[in-house]
Amino acid sequence: MAHDDHCAAIAASVDQAGFNDRVSISCTEDHAVISSDTYPEHDLMTGIVGTNEQVPVPAKYAAPILLSPVPGQTPLTRDAALGVAVNGVPIYDYTAGGEMSLADLAHHQAQHDTVQTGQLDICGGHAGRGDDYHYHAKPTCMIEAMANSGDDAIIGWAFDGFPIYGDDNPDGSKIAEGALDICNGQPDAVFGYRYHTSPDAPYLVQCLMGVVTDFDKLPRVRPLEHVSGDKLGPGRPPRGGVDGLVFSQKDDGQRSMDYSYQGEDYFIRFAPAETPGCYDFQTRTVTNDGEMKSGQFCR
């Protein structure tokens, strides 16, 4: 596919899904840049048991998608995003135990499986260590909200330039057993190659099969930085998980994640501060032994 056609296909995938009011596309000589705030409009965090006591906070993110994808010889792994959904939310592999080695790709990492360990919400995502929302499994809520939801709809793009589809082939046929490779992809007549979601692990893109120059320089979401008040530090998953976790948000930007652990109530609450990109936090977490803390943090 030619450079201009590939750029048009990426822009069309966002437009046809109905997300062009929240996601912007710009094309350079080498990339289509998908820009967003990584904060989707669908339900967030509900259903999580194995919480890391992090919350989703909007974050500016520009995902560069190669416009001239070339198949590679060695799968690429990364302890960060491997691509981006058409709603602008980053896409990670299914694990939460650091970067996988090539040997790890061939075996199910059950102890790090974010689905099986209850770390994901009902939409296939959660907030990471940078308090950034991203997907580790099929983005079900996003797909349900897509204006063009269907087997032929592209649901995202990997950084190597190849598209991501759902559980079935674009023509609606079932994917034959064993047809998907180690990265959860297969050859494609239009783009040369494509990735898929799947009901079982690895659920989504596990690695990249295309050539990506400057792979180590791919973007990461900028974490929150402590400005004033109490330092919160990274969350620590409560042993055995929490109960009744609910994330709520108001029109004025106030957000709250409430849950209980061993009969005690805990929460993380934040609201926009006067300084753009900054947020005032109030927390009572298991990580901090139930101590009330408050502070301001900025992107």
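Buried, on this tour, means under 20% relative accessible area, while exposed means over 50% and partly exposed lies in between (1.4 Å probe, protein chains only). Before you click anything, note that this is a predicted model, in which local features need pLDDT of at least 70, side-chain atom pairs count only at pLDDT 80 or more, and totals for chains, interfaces and linings use all residues. Residues are numbered from 1 along each chain as its sequence is written, and side-chain values use heavy atoms, with hydrogens and water left out.

**The whole chain**

Start with the cartoon view. You will find three helices and 19 strands; helices (H or I, at least four residues) and strands (E, at least two) are DSSP runs, numbered from the N terminus. The radius of gyration is 19 Å, close to the 19 Å that the globule rule gives for 299 residues, so the chain is as compact as a globular protein of that length. That radius is taken over C-alpha atoms, and the globule rule is 2.2 Å times the number of residues to the power 0.38. Along the principal axes, the C-alpha atoms fill a box of roughly 55 × 40 × 35 Å.

Of the 299 residues, 55% are buried.

**The disulfides**

Next, select the cysteines. A disulfide here is a pair of cysteine sulfur atoms within 2.5 Å, and by this rule there are four. Counting bonded cysteines along the chain, the pattern is 1-2, 3-4, 5-6, 7-8.

Select C123 and C141, whose sulfur atoms sit 2.0 Å apart. The torsion about the S-S bond is about -75°, so the link is left-handed. Both C123 and C141 are buried.

Move on to C183 and C207, with 1.9 Å between their sulfur atoms. C183 lies in the loop between β10 (163-165) and β11 (185-188), and C207 in the loop between β12 (192-196) and β13 (208-210), so the pair joins parts 24 residues apart in sequence. This link is left-handed, with -110° about the S-S bond. C183 counts as buried because its relative accessibility is 0%, and C207 counts as buried at 0% too.

Then pick C278 and C298, a disulfide with its sulfur atoms 1.9 Å apart. C278 is in strand β18 (residues 278-284) and C298 in strand β19 (residues 292-298), 20 residues apart. Is the link left-handed or right-handed? With 105° about the S-S bond, the C278 and C298 link is right-handed. C278 and C298 are both buried.

**The six-stranded sheet**

Stay with β18 and β19 and bring in their sheet. This open sheet of six strands runs β14-β19-β18-β17-β16-β15, with antiparallel pairing; two strands pair if DSSP finds at least two bridges between them. β14 (225-229) and β15 (243-249) are at the edges with a single partner strand each, so one side of each has no neighbour in the sheet.

For a last stop, zoom in on β15 and strand β16 (residues 255-261), which pair in the antiparallel sense over five bridges. Select D243 and you will see S260 in β16 opposite.
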